[in-house]
Amino acid sequence: MANPNKAKGDRAERAVRDLAASRYPGSFKTRAGFNDDLGDVIVEHPAGRVVLQVKDVASPTWKAWFAQVSDQVATCARESERAVLGGLVVHKARGVGDPTRWRAVGELGTVLEL
């Protein structure tokens with residue numbers, strides 16, 4: 001039987017990918033084991049790439065997540081031919097199925113650069 005937490009995370013990542021791709025064609029979900037850790041979803045914004053780390057958990061661990069997304073932005077910038085604008089953590093709100101209503105959180109410096 002598949003890991004239910006992994007399945008939950010994969011569903012959230014696909015929902016974010018689909019939303020991003022509907023607004024920014026070419027956005028994609030990374031594949032574990034095939035890419036360096038570039039993040040969960042890469043948004044192909046006209047100005048450059050945005051790294052999204054998607055989380056579907058009840059209790060946020062912001063400090064760890066911000067460190068993780070910072071590392072992923074650095075890796076993506078190193079591996080990408082396009083500019084990388086920064087990264088955000090997307091946290092699925094409990095009981096909210098619509099990804100447009102989930103939280104996209106970043107450090108203020110990152111948000112101002114975006």
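Student: Which helix is Arg17 found in?
Tutor: Arg17 is found in helix H1. Please note that this is a predicted model.

Student: Is Arg17 buried, exposed or partly exposed, and why?
Tutor: Arg17 has a relative accessible area of 26%, so the residue counts as partly exposed.

Student: And how far apart are the C-alpha atoms of Arg17 and Gly39?
Tutor: Those C-alpha atoms are separated by 12 Å, and the two residues are 22 apart along the chain.

Student: Let us move to charged pairs. How many salt bridges are there?
Tutor: The count comes to six salt bridges. In general, side chains of opposite charge can pair when their charged atoms come close.

Student: Which residue does Asp10 pair with?
Tutor: Asp10 forms a salt bridge with Lys6, and their closest N and O atoms are 3.0 Å apart.

Student: How are Asp10 and Lys6 placed in the helix?
Tutor: Both belong to helix H1 and stand four residues apart, which means that about one helical turn separates them.

Student: Is Asp10 buried or exposed?
Tutor: Asp10 is buried, because its relative accessible area is 18% and the cut-off for buried is under 20%.

Student: What about Arg94, which residue does its side chain meet?
Tutor: The side chain of Arg94 meets that of Asp56 in a salt bridge, with 2.2 Å from N to O.

Student: Where do those two residues lie?
Tutor: Asp56 lies in the loop between E3 and helix H2 (62-79), whereas Arg94 lies in the loop between E4 and E5. The pair therefore ties together parts that are 38 residues apart in sequence.

Student: How do Asp56 and Arg94 score for accessibility?
Tutor: Asp56 is at 10% relative accessibility and counts as buried. Arg94, at 41%, counts as partly exposed.

Student: Which residues are linked in a network of salt bridges?
Tutor: The network links Glu44, Arg49 and Arg82. Within it, Arg49 forms a salt bridge with Glu44, the closest N and O atoms being 2.8 Å apart. Both Arg49 and Glu44 are buried.

Student: Where does Arg82 lie, and is it buried or partly exposed?
Tutor: Arg82 lies in the loop between H2 and E4. Its relative accessible area is 32%, so Arg82 is partly exposed. The C-alpha atoms of Arg82 and Pro46 are separated by 10.0 Å, although these residues are 36 apart along the chain.

Student: New topic: pockets. What volume does the largest pocket have?
Tutor: The volume of the largest pocket is about 480 Å³.

Student: How many residues line it, and which lie nearest its centre?
Tutor: The lining of the largest pocket has 19 residues, and Leu19, Tyr24, Val43, Leu52 and Ala104 lie nearest the centre. Two or more lining residues come from each of helix H1 (4-23), strand E2 (41-45), strand E3 (48-55), strand E4 (84-91) and strand E5 (103-105).

Student: Which element gives the largest share?
Tutor: The largest share comes from H1, which gives four residues to the lining.

Student: What classes of residue are in that lining?
Tutor: The lining of the largest pocket has 15 nonpolar residues, together with two polar and two charged ones.

Student: Finally, which residues form a nonpolar patch on the surface?
Tutor: The patch is formed by Leu108, Val111 and Leu112, with about 320 Å² of accessible area together. Val111 is found in helix H3, which covers residues 108-113. At 40% relative accessibility, Val111 counts as partly exposed.

Note on methods
Residues are numbered from 1 along each chain as its sequence is written. This is a predicted model: local features need pLDDT of at least 70, side-chain atom pairs count only at pLDDT 80 or more; totals for chains, interfaces and linings use all residues. Side-chain values use heavy atoms; hydrogens and water are left out. On a 1 Å grid over the protein atoms alone, a cavity is a set of points where a 1.4 Å probe fits but cannot get out, and a pocket is an open set with protein on both sides within 12 Å along at least five of seven lines; lining residues have an atom within 4 Å of a point. Grid points are joined across faces, edges and corners, and a volume is the space filled by probe spheres set on the points. Ala, Val, Leu, Ile, Met, Phe, Trp, Tyr, Cys and Pro count as nonpolar, Asp, Glu, Lys and Arg as charged, and the others, Gly among them, as polar. Patches are made of residues with over 30% relative accessible area and no salt bridge: like charges are joined within 9 Å, nonpolar side chains (Val, Leu, Ile, Met, Phe, Trp, Tyr) within 5 Å. Accessible areas come from the Shrake-Rupley method with a 1.4 Å probe; for residues, only the protein chains shown count as cover. A salt bridge is a side-chain nitrogen of Lys or Arg within 4 Å of a carboxyl oxygen of Asp or Glu. Buried means under 20% relative accessible area, exposed over 50%, partly exposed in between (1.4 Å probe, protein chains only).
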